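This report describes the helix packing, domain arrangement, ligand surroundings and backbone geometry of a predicted model. The structure is shown first, and the description follows.

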Amino acid sequence: MATYQATASAPVNIACIKYWGKRNTKLILPTNSSLSVTLDQDHLRSTTSSRADASFEKDRLWLNGKEEEIERDGRLWVCIDALRKWRQEMEQADSGLDKISAYHVHFASHNNFPTAAGLASSASGLAALVASLSHLYSLPQTPSQLSLVARQGSGSACRSLFGGYVAWRMGEKEDGSDSLAEEVASREHWPEMHALICVVSDAKKGTSSTSGMQRTVQTSPLLQHRIKEVVPGRMDDISKAIREKDFESFAKITMRDSNSFHAVCLDTEPPIFYLNDVSRSVIAVVEELNRAAGKPIAAYTFDAGPNAVIYTLEENMPKVLNLINRFFPQEASFANPFKMDWQSAQVPE
Ligand code: ADP
Ligand code: DP6
Ligand code: CO
């Protein structure tokens, strides 16, 4: 009997304009648009295999070797169900196709970097799952159409279906059909852009992105200012900076938006602290580097965790690496080999 199997891999994306807040928690519709860079190298990736078989009794997922529950109507379930329905429609339209939509699917996924530590594992993880199952089902849908599904698994995942510079447009429709990701510029457009990933801690975060942002929506007055007055202008400005390859503007907006996001976390009740002392030292070091250079030559940004991502142009990477290694000597201060395992992830390859 034929086996039906497919494997796909997706990289993480690190937002310059952060998504933080949902206006619809079921459909995962955000309170603001966001924009990210997909880190197109092998350091931070999820790889997911899916297999459909008549003998399987239910859908199951193993993440890094450990089984995770696929709850009915939960996020994973919603993604699988949406793709399965597309496959069913294809099978109904073409009687020559194998009826694999009737089979249950087993997924095995692996992240080659810390999971749930603020390095966007939910983004690469759900994007890889959607990509893998859409391969298995030979779906004809475009990356933007698939992003509508990945979004319902984890908001940030919709952006990982594209390489390069990607916007997630918040959309206006209540059914979410216009809340999708699209490419702003390809990786080839600005290949000098590099990212340095600074793993300050590989520990699982105390507050998941999902619960943290929900608490912010419920309690933070500052969030209202951010989503209405701040982010829309920044989306336009950073898109322009990317189109014009204007690193100074790109860096200023990226750093300010990271700080704005962590400010609304602090404005949440009870407050959420994702940054730690090392994170704040990284901010100080980069600010000092930029001051000494007389213009921004590096930009830090932090997701929901203490780990820093520093964007810089290739020509300035040696300077940034030097400085970081000087201030944060790896062997001396950190015992765990993954911690402070500074990796230069080039965007693009
Ligand atoms: P992160 O900052 O790493 O994105 P989140 O709190 O947003 O952290 O999400 C972490 C959760 O995402 C994990 O607990 C897991 O449920 C899910 N996840 C991570 N990686 C994968 C994967 N490869 N496949 C399926 N789900 C994943
Ligand atoms: C700080 O996409 O992980 O990384 O939609 O609830 O799964 P859910 O949240 P998630 O949130 C990401 C938040 C962020 C910013 C960003 O990636 O835009
Ligand atoms: Co996440």
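## Helices H2 and H3

In this predicted model, the contact of H2 with H3 pairs Leu126, Ala127, Val130 and Ser134 of H2 with Leu146, Val149 and Ala150 of H3. By class, these residues comprise 6 nonpolar and 1 polar, with no charged residue.

Helix H2 spans residues 121–136 and helix H3 residues 143–151; their axes come within 9 Å and cross at roughly 125°. H2 and H3 are therefore oblique to each other. The crossing is right-handed.

## Helices H1 and H2

H2 also packs against helix H1 (residues 75–93), at an angle of about 25° and with the axes 10 Å apart. That angle makes H1 roughly parallel to H2, because angles under 35 degrees count as roughly parallel. H1 passes H2 in a right-handed crossing.

On the side of H1, the contact is made by Cys79, Ile80 and Leu83, and on the side of H2 by Leu126, Leu129, Val130, Leu133 and Ser134. The contact of H1 with H2 has 7 nonpolar residues, 1 polar residue and no charged residues. Leu126, Val130 and Ser134 of H2, listed here among the residues that meet H1, are also listed among those that meet H3.

## Helices H5 and H6

Two packed helices are described by the angle between their axes and the distance between the axes. For helix H5 (residues 221–243) and helix H6 (residues 247–266), the axes come within 10 Å and cross at roughly 160°. This makes H5 roughly antiparallel to H6, since the class covers angles over 145 degrees. The crossing of H5 and H6 is left-handed.

H5 contributes Leu222, Leu223, Arg226, Val230, Arg234, Asp237, Ile238, Ala241 and Ile242, and H6 contributes Ser249, Phe250, Ile253, Asp257, Ser260, Ala263 and Val264. By class, the contact of H5 with H6 divides into 10 nonpolar, 2 polar and 4 charged residues. Arg226, Arg234 and Asp237 in H5 and Asp257 in H6 are among the residues that meet here.

## Domain arrangement

The protein is divided into domain 1 (4–186) and domain 2 (193–346). The C-alpha centres of the two domains lie 25 Å apart. Across the boundary, 29 residues of domain 1 are in contact with 41 residues of domain 2.

On the side of domain 1 that touches domain 2, the elements giving two or more residues are strand S2 (13–17), strand S5 (34–38), strand S10 (165–168) and strand S11 (181–185). Strand S2 gives the most, with 4 residues. The residues of this side of domain 1 divide into 18 nonpolar, 9 polar and 2 charged.

The shell around ligand 1 has 22 residues, of which Ser109, Ser121, Ser122, Gly125 and Ser209 come nearest. Strand S9 (104–111) and H2 are the elements that give two or more residues to this shell. H2 supplies the largest share, 7 residues.

By class, the shell around ligand 1 divides into 10 nonpolar, 11 polar and 1 charged. Domain 1 and domain 2 both give residues to the shell, so ligand 1 lies between them.

## Surroundings of ligand 2

Ligand 2 is surrounded by 15 residues, and the closest are Ala15, Tyr19, Ser154, Gly155 and Ser156. Its shell draws at least three residues from each of domain 1 and domain 2. The classes represented are 6 nonpolar, 7 polar and 2 charged residues.

## Backbone geometry

Most residues other than glycine have a negative phi, and most peptide bonds are trans. Glutamate 269 and proline 270 are joined by a cis peptide bond, with omega about -10°. Proline 270 lies in the loop between H6 and helix H7 (277–293).

Asparagine 64, a residue other than glycine, has a positive phi near 50°. Asparagine 64 is placed in the loop between strand S7 (60–63) and strand S8 (66–68).

Methods. Residues numbered from 1 in each chain as written. Chains lettered and ligands numbered in written order. Predicted model: local features only at pLDDT ≥ 70, side-chain atom pairs only at ≥ 80, totals over all residues. Near = placed C-beta within 6 Å. Nonpolar A, V, L, I, M, F, W, Y, C, P; charged D, E, K, R; others polar. Domains from an automatic or database assignment. Axes fitted to C-alpha atoms, helices over the stretch in contact; angles between N-to-C directions. Parallel < 35°, antiparallel > 145°, perpendicular 65-115°, else oblique. Left-handed = near helix turned anticlockwise from the far one by under 90°. Contact = placed C-beta atoms within 7 Å.
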